[in-house]
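Have a look at the structure before reading on.

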Amino acid sequence: MYNIQQKDILVLGQKTKSYFIKIELLNNNFQLLDIIEGNCLSCSLDIDSTSDIRRITCLTMLVRNAEDLVSHTSKIWINRYLRIYLGIQYIRTKEILWYPLILCVPSEDTCTYDASNRTLQVKCVDFMSTLINTPLYGTTTHIIPAGSNIRSSLIAALNLANVKKYNVCEISSITDPSANTVPYDISLDSSSSVYDLVKKLLALYAGYEIFADLDTIVVQRVPTTIEDGIVLSDDILKSKGLIISESITNSLEIKNVTEIFGKQLETDQVHGVCMLVSKNPTDEAKAYYQQYFNCDNIFYRVSPNNDFTIEKLATSSENYWIDGARIDTKSGNDFDAIDSQELVLERCKFENWKSSRLNRTLSLTTQTIPFLDVNQKFTYKSKIDNVLRQWIVTKINFDNIVSGTMNLDATEFYPTYPETYQ
């Protein structure tokens, strides 16, 4: 995370801004080989917190000679990394403040030539692509035996992809930190990648993510930003004149009941249900729910202040037990990896927390804020409804990082995550 200083805030308010692009050329040990400046015409950038490959960029460069083309003799090649910076000149000191945007590898290039110019367009993806492009070599069947520590298994997988820098947290059950081992043998064949193995391991317990933070692979619990500070305040956004336009979208696809079918066992489907309720149901209601879902493994998530509980969405007080239920049933894919009643219930709680809230999305077009990143929290009072809220950045888009503008999406912050597990 970029360490924001006072001059970073001050430069945002400059009436006149000069933007620059700098590209560091690195070898596969991240050692600096060269710096490319002056011939980059444009650079788009997309950052998406919901994608494992979070950062994708497209460089358009002026081709002056053959060394600028992509080949084994050129500066840009498949065994080299590009670290791209956006620079803004701070007019008080005339220095250029450099902001790292992405460490990436080339994935595709196109050379265009006409009578007036010759340009090279290079598409690049972030460092996570290393895991995707590395197969599980050395054996026809790669097995992680039951009982293996999950964190150790993840690190071993990253070593297969020659990842030198990583920050991997302990992977465990949210309710039982001692449950941190692989519950059953995981088997993948040689057609699978390191990425496939990592995703299998992360799917064992709910609430974890993996992404590339420049040159470091990070595995962590999905942040709720409950304890995180505010990166930008509404006062700064307004006083610096950074907001160009805004829109708000409210998703009404609320689901207050989550049902998950996990691994099919010889004796039974692993099966769990989480229900969002205003108060703990009566024994009669619980018996009804067990029969209705054909499931004894039910968690009642009591949240009296939530507007989307079964009771509050019911249209009839007589049949509120099920009349107000909006059911989301999940199975297959990663859910097939859930092999116990305890784990399926934990996943039900996590998915229910995500689906049982009003997903309010804020879309802003702003002047460039170069240090802003996804999963950061800021405050903003919408001009649409004049309500001050906390928001979490989910996506950032630059059509061109030197254009002076950017687009971002953010979701409203809800400090209710721990309540799911009380």
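Which residue forms a salt bridge with R83? It's D215, and the closest N and O atoms of this pair are 3.9 Å apart. A salt bridge here means a side-chain nitrogen of Lys or Arg within 4 Å of a carboxyl oxygen of Asp or Glu. Keep in mind that this is a predicted model, where local features need pLDDT of at least 70, side-chain atom pairs count only at pLDDT 80 or more, and totals for chains, interfaces and linings use all residues. Residues are numbered from 1 along each chain as its sequence is written, and side-chain values use heavy atoms, with hydrogens and water left out.

**Salt bridges**

- The structure holds 14 salt bridges.
- (Helices, H or I with at least four residues, and strands, E with at least two, are DSSP runs numbered from the N terminus.)
- D215 is buried at 13% relative accessible area, and R83 is buried at 14%. (Buried means under 20% relative accessible area, exposed over 50%, and partly exposed in between, using a 1.4 Å probe and protein chains only.)
- R83 and D215 also belong to a salt-bridge network with E24 and K165.
- R360 pairs with E412, with their closest N and O atoms 2.3 Å apart. R360 is in strand β19 (residues 359-367) and E412 in strand β22 (residues 405-412), so this pair ties together parts 52 residues apart in sequence. R360 and E412 are both buried.
- E351 and K354 form a salt bridge at 3.5 Å, and both lie in helix α9 (residues 341-355), three residues apart, or about one turn of the helix. E351 is buried at 8%, but K354 is partly exposed at 34%.

**Cysteines**

- There are zero disulfides in the whole structure. (A disulfide is a pair of cysteine sulfur atoms within 2.5 Å.)
- C348 is buried at 0% relative accessibility.

**Confidence**

- The chain averages a pLDDT of 87, and 91% of the residues score at least 70. (pLDDT is the predictor's confidence in each residue, from 0 to 100.)
- Over residues 417-422, pLDDT stays under 50.

Methods:
Contact = heavy atoms within 4.5 Å.
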